[in-house]
Amino acid sequence: MIQLHTRLLPFITALFYSFSANAICAENGLRIFPSGATIKQNSIFVIDGYAQSQKVILGLNKAYPVYLKSGKQKIKLIITQINLGQFRLTQAVLKPEKELEAGLEYTMYIDHLPEYESFNKYNKSTNKYEPVVYKVVAERDTEKPQLASNPIEINKTLVFYGCGPSIHVVFSNPAKDNSEIIVQTTVKDLKTGMKTTYYIQPDGDKIKIGHEMCSGAFDFEEDSQNFEVAFEFMDASGNFTPWTREPIKFTKPTVQTSDDEE
């Protein structure tokens, strides 16, 4: 059964580009996790849709079938969770309907995409966008992420750009794993009691809660000041380290900072 988080409040994530003060926000974009070239036999996937691409996420396996293909082998991807961000961002968590075969190379497809839409993966080594292709290694990953310490707040950032502010509360990322990690982040507005849950890809040793100029999972309501957050860590095979402490209380940024602090 799909788990649907529809409570809107404050991923994530920086949009998919860097913006100057005069930049104009793009109108669509899809992003895939994991971002590397190899995966384990029991890998899971997370796709984020920005702006107009949010309707693709909500239409997966309805208007837009999503699957992996290797030669004549085709594996459907099952949606296990949909998360709605507050600011122009929506994501789906997907799991293959059967275990992937070691040694094969799979390409991920989304059928019937609108003509303005493209689905690619960014290659850091070539600085190019390429088809979403993964090579499966002969291994099932069953080890959950390990925490070297507890996350703590590091700083707050608030920078104003041409289309609006980039605002974040930055926490340390203590998780270690042999695979890529994504963080299930739940933010609660202590004034309204409302919660939002979204998977955030860490920025190295940092977890950034808030939004960039053009999009993000978490937006702090104008009349609210006090919030709390809980982090649960998941690797690219779906192994999960739950949050066992009280949520961390924090306040939203109110003082402008510089680009260098972002």
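**Before I start.** I am reading a predicted model, where local features need pLDDT of at least 70, side-chain atom pairs count only at pLDDT 80 or more, and totals for chains, interfaces and linings use all residues. Residues are numbered from 1 along each chain as its sequence is written, and side-chain values use heavy atoms, with hydrogens and water left out.

**Entry: strand β16.** I looked up residues 181–189, strand β16, and found 8 of its 9 residues buried. Buried means under 20% relative accessible area, exposed over 50% and partly exposed in between (1.4 Å probe, protein chains only). Strands (E, at least two residues) and helices (H or I, at least four) are DSSP runs, numbered from the N terminus.

**Entry: its partners.** Two strands pair if DSSP finds at least two bridges between them. I found 9 bridges from β16 to β19 (residues 226–235), running antiparallel, with Lys 188 opposite Glu 228 in β19. Another 6 bridges join β16 to β17 (residues 195–200), also antiparallel; here Val 183 has Ile 200 as its bridge partner. In the hairpin of β16 and β17, 5 residues sit between the strands, and Gly 193 has a positive phi near 80°.

**Entry: a cis bond.** Phe 33 and Pro 34 are joined by a cis peptide bond, with omega about 0°. I located Pro 34 in the loop between β2 (28–33) and β3 (38–39).

**Entry: two asparagines.** Asn 61 is not a glycine, yet its phi is positive, near 65°. It counts as partly exposed because its relative accessibility is 26%. Asn 127 has a positive phi near 55° and lies in the loop between β9 (121–123) and β10 (128–130). Asn 127 is exposed, at 54% relative accessible area.
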